[in-house]
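Visitor: I've got a model open and would like to learn how to read it. Could you walk me through a few features?

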Amino acid sequence: MYRMLWRIRLFEGQVQRLAAAGEVPGFPHLSTGQEAVAVGVCAHLSREDALYTSHRGHGHILAKGSDLEATLAEIIGRESGLCRGRGGSMHLVDVRHGVMGATGVVAGNLALAAGAAWAAQAQGKSNLAVAFFGDGATGAGVFHETLNLASLWKLPMLFVCENNGYAEFTSRDEHSNVNHVSHFAKPYSIPTKTIDGNDLKVVHAEAAEAIASIRAGHGPYLLECMTFRMAGHYVGDAQQYRSKEELAAMIEKCPIERLKRHLLADGVPATVLDAIQVEAKNEIEQASLRARAAARPDPATVMDDVYTSPTLHAISG
Amino acid sequence: MAIHTFIDILKRALDEEMTRDASVHLLGEDVAAGGAFGVTRGLADKHGATRVRNTPISEAAITGLATGAALAGIRPVLEIMFIDFATLALDCLLNQTAKYRYMSGGQLTVPLVVRTQAGAAGGAAAQHSQSLETFFIHIPGLVVVAPSSPIEAYGLLKSAIRLGEPVIFIEHKRLYTMKEELPQDFALPAIGKARVAREGTDVTLIAYSAMVQTALEAAKELESNGISTEVIDLRTLLPLDMDTISQSVSKTHRVLIAHEAVQNGGMGAEIAARIGAELFDELDGPVQRVGCPFAPIPFAPELERALLPGSHHIVQVARRMMGLESV
């Protein structure tokens, strides 16, 4: 898991560099600083468990098992990308690893995940669905509609809120009087906990408990992970709305540093941890080289996959 | 042979598809009790509460849920009680459902049918009477179907469920009580193909949904004026079957498009533009449209009647096109 934290951290760093160099089209949103939530939750998921993430989803997808090169190739718009360059950073899908989607419209993924959970329930499967979302999503009506449905139908669904304190550029206390996202779960009788989302050990243990409850048939669970967005809302965001003190404090909160302290205290040699970091760095570099060398999509294929049946391609004008 | 109302025949189509394919599930507000119009009455008893599922009044969430379930191998038939309420589900339908196959690079499909009900039929007023099909025909990835009679609804609904694409299936509430006899040998219609509902040689009259019945009435009256009208029932609004339109226009050289939706920016505008671009040399005169004037649907029956396009409007415009009436 230490390796996966580094993979995500360095992957996001690479996306940031490529974006600065003009190699990433559009608006990539980085999860730097929130890696422990992705890794701690996804460690308990099988390939058949459905993952639905948000616009800030690179970390979740990598933690679920998606290939570094194919994910990066998608983010830089290559034919070898997960979605053949059709989706990009905000619409990553990797069915082979149960990554069923990411949505660029905040809160849009929640009901889709409920659908995956309902399908598993209706088909008599033991799988669950996980939806990652930010605290900003709680302002959307569909968040509340989905909580109600999930509770009513006892859906096997894990809601994971990454509360990083910001809805885009506005801090939480400016957009809601409800301090904690877990408070929204209570009226719907959904079990919930607010936890330290930057401590991988805590996330891992609490996610295990939540998922065990869901797999035991007790219905949905909402885990609110307090975390910290080390990067801006999007690449290029100057973050003038955050204080110097706040940005300095995040070094202290860094989930990688914290896990490192745990592991050193448990007697893991520093050389082993350093070697993992170097290996992760090499993996990302290799993946990046290959992804950047990959072919760009052929413009002649732009109409592929609008419909399943080619006979439905009738609107040509 | 049994005579069916539109409502009964929809129920029969759903029942048969649920029996044929165990992955077909019904979802929607009140569907277990039959829905607002009784289309699904009795199906929960026959197929079980899991497959005929009542939902809260949460259009955004239930549309998302149905889409997510479709992505996971279920074939949901979601009922949105009135098309006016589909506005609450537009984020999902436009941003997610329609684009999933494309955005995923072909990894996933959304075999979802959204049954909804539209149009004016006496006093339902401005928020329960609209014809909002143009919201959907603008979105790549969706299929839009609007049946014109009970037999048409039976075949098109079954075809829509089997299609494996996201289909917006628009039923007109005025047709719900219409009765027809279902023929014994019945070939399912192909989605994306229009039909010629009546043959003629002077004017091509293009319509869909309940307006096809109005168009057939108008065609009868025009016949007594010596005008031979060919009525095309589009069946599928997206994609549009230009081949059938083209064949007819090559014969008649005059086109009139009729729909209940507001004329401004409506289906007729798209068809007229396509005909203008692709069939200009075939035309003897400008393509004409009959649609609703630019106002919300009023409540009082005499106001509603005054606003809605009827067969007399179609007759008037067609006579003018034939030079029988001054402008």
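Visitor: Which residues touch the most other members of the largest nonpolar core?

Guide: Some ground rules before that. This is a predicted model, where local features need pLDDT of at least 70, side-chain atom pairs count only at pLDDT 80 or more, and totals for chains, interfaces and linings use all residues. Residues are numbered from 1 along each chain as its sequence is written, while chains are lettered from A and ligands numbered from 1 in the order in which they are written.

Guide: Now the core. A residue is buried if 20 or more other C-beta atoms lie within 10 Å of its own, exposed if 12 or fewer, and partly exposed in between, with C-beta atoms placed from the backbone. A nonpolar core is a set of buried Ala, Val, Leu, Ile, Met, Phe, Trp, Tyr and Cys residues joined through C-beta atoms within 7 Å. Here the largest one has 194 residues, and A:Ala113 and A:Ala114 touch the most other members. Helix H5 (residues 108-122) of chain A gives the most to this core, with ten residues. (Helices, H or I with at least four residues, and strands, E with at least two, are DSSP runs numbered from the N terminus.)

Visitor: What is A:Ala114 in contact with, beyond its neighbours within four places in sequence?

Guide: Contact means that the C-beta atoms of two residues, placed from the backbone, lie within 7 Å. For A:Ala114 the partners include A:Leu149, A:Leu155 and A:Met157, and from the other chain B:Ala61 and B:Leu65.

Visitor: How many residues of chain A are in contact with chain B?

Guide: 39 residues of chain A meet 42 residues of chain B. H5(A) gives the most to chain A's side, with ten residues. That side divides into 22 nonpolar, twelve polar and five charged residues; Ala, Val, Leu, Ile, Met, Phe, Trp, Tyr, Cys and Pro count as nonpolar, Asp, Glu, Lys and Arg as charged, and the others, Gly among them, as polar.

Visitor: How is chain B divided?

Guide: Into domain 1 (3-181) and domain 2 (195-321), with bounds that come from an automatic or database domain assignment. Their C-alpha centres lie 26 Å apart. The contact takes 26 residues from domain 1 and 23 residues from domain 2.

Visitor: Which residues of H10(B) are buried?

Guide: An α-helix has 3.6 residues a turn, so residues three or four places apart point the same way. Helix H10 (residues 267-278) of chain B reaches 17 Å from its first C-alpha to its last, close to the 16 Å expected at 1.5 Å a residue (the expected span is 1.5 Å times one less than the number of residues). In H10(B), B:Met267, B:Gly268, B:Ile271 and B:Ile275 are buried. They cover an arc of only 95 degrees around the axis, so they sit on the same side of H10(B); the arc is that of the directions from the helix axis to the C-beta atoms. The face turned away from the buried side carries the exposed B:Ala273 and B:Ala277.

Visitor: Is B:Ala318 buried or exposed?

Guide: B:Ala318 is buried, because 27 other C-beta atoms lie within 10 Å. B:Ala318 belongs to helix H12 (residues 311-321) of chain B. Leaving out residues up to four places away in sequence, B:Ala318 touches B:Val203, B:Ala218, B:Leu222, B:Ile227, B:Thr229 and B:Leu256. The C-alpha atoms of B:Ala318 and B:Ile227, 91 residues apart along the chain, are separated by 8.4 Å.
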